[in-house]
Structure formats: C-alpha cells, structure tokens
Amino acid sequence: QVQLVESGGGSVQPGGSLILSCVASGNIFSIYEMGWYRRIPGAQRDMVAIVTRDGTYDYAESVKGRFTISRDGAKNGTYLHMNDMKPEDTATYYCNAQLDDLDGTWGDYFGRGTQVTVSS
C-alpha cells in the first residue's frame, strides 16, 4: 500500500502565492519521480511540474517562471511553490509518484487532490 497526501490548497487572489505539499508513505522502496498534475472539470489531468531522482526538472509551458517544484528525498515529499498565480491556474492539483514498492513492483500513484482557486 502506498499513499500520497496533498496539503496546502485554497483560495488566492490573482498575483498571489500558494505552496502545495505532498508526502508519500507506505511500502516504498525507491521513488524515481515525483510531480504535480492538475485537472479542471471536464478536462484531462495535465502535468504541471515533475522532478526526477537524479534532479531533472520539467514544467508545463504555462507555469514556467512562476512555479517551482522541489523534492525532499528523506521525507518522500515534494512541494510546489506557486507564484504570480492566474485565474487559469484554478484546478484540482494532484501529487504523483512513480516508484518501486518493497516487493519490487513499479507503480504510478496519485493523491486524492487538493483544490486551488485563483479569483478576485
């Protein structure tokens, strides 16, 4: 069993900032990649930012220069610092981890999501 729990969502005005946090727990052997995805109602879930174990980063074009992802390997955590937020950032944000569990089985896991609303 692997669980991902997000926190830090909420409401913010345009131009404001939020920090999302995620911690993975359970039968984890090694995490290869952690990231954040988001989905608006009626649309697919899209990648926002990812960071790999070897320190490679990737961001959606729409958030480059505004969002920063970081990872805490010791805590199996990842954080998304969101600055200069825009109404189009409004979505449900999901934490993701790609990992091997203690049985050596690779898995792709998502948390339950946290709502972020950007509105004046």
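Analyst: Strands here are DSSP runs of E with at least two residues, numbered from the N terminus (helices would be H or I runs of at least four residues). Before we go on: this is a predicted model, with local features needing pLDDT of at least 70 and side-chain atom pairs counted only at pLDDT 80 or more, while totals for chains, interfaces and linings use all residues. Numbering runs from 1 along each chain as its sequence is written, and side-chain values rest on heavy atoms, with hydrogens and water left out.

Which strands does S8 pair with in the antiparallel sense? With S3, S8 pairs antiparallel over six bridges. With S7, S8 again pairs antiparallel over six bridges. Pairing here just means that DSSP finds at least two bridges between the two strands. The hairpin of S7 and S8 has four residues between the strands, and in it Asn76 takes a positive phi near 55°.

How well covered is S8? Mostly: five of its six residues are buried, where buried is under 20% relative accessible area, exposed is over 50% and partly exposed is in between (1.4 Å probe, protein chains only).

Taking contact as heavy atoms within 4.5 Å, and leaving aside neighbours within four places in sequence, Leu80 is in contact with Leu18, Ile19, Leu20, Trp36, Val48, Ala49, Phe67, Thr68, Ile69 and Tyr93.

Step back to the largest nonpolar core, which has 29 residues; Trp36, Leu80, Met82 and Tyr93 touch the most other members. Core membership follows a simple rule: buried Ala, Val, Leu, Ile, Met, Phe, Trp, Tyr and Cys residues, joined through side-chain atoms within 4.5 Å. The strands that each supply at least two residues of this core are S1 (2-7), S3 (18-26), S4 (28-39), S5 (46-52), S7 (67-72), S8 (77-82), S9 (91-101) and S11 (114-118). The largest share, five residues, comes from S9. As background, nonpolar side chains tend to be buried together in soluble globular proteins.

Cys22 and Cys95 form the disulfide, with their sulfur atoms 2.0 Å apart. The torsion about their S-S bond is about -80°, so the disulfide is left-handed. Cys22 sits in S3 and Cys95 in S9, so the pair links distant parts of the chain, 73 residues apart. Cys22 is buried at a relative accessible area of 0%, and Cys95 counts as buried at 0% too.

Three salt bridges turn up in a search of the whole structure, a salt bridge being a side-chain nitrogen of Lys or Arg within 4 Å of a carboxyl oxygen of Asp or Glu. Arg38 forms one with Asp89, the closest N and O atoms being 3.0 Å apart. Arg38 lies in S4 and Asp89 in the loop between S8 and S9, so the pair ties together parts that are 51 residues apart in sequence. Asp89 also forms a salt bridge with Arg66, with closest N and O atoms 2.8 Å apart. Arg66 lies in the loop between S6 (57-59) and S7, so this pair ties together parts that are 23 residues apart in sequence. Taken together, Arg38, Arg66 and Asp89 are linked in a network of salt bridges. What about burial in that network? Asp89 counts as buried at 1% relative accessibility, Arg66 is buried at 8% and Arg38 counts as buried at 14%.

Glu61 and Lys64 form a salt bridge as well, with the closest N and O atoms 2.7 Å apart. Here Glu61 is exposed, with a relative accessible area of 63%, whereas Lys64 counts as partly exposed at 44%.

Note on methods:
Disulfide = S-S within 2.5 Å.
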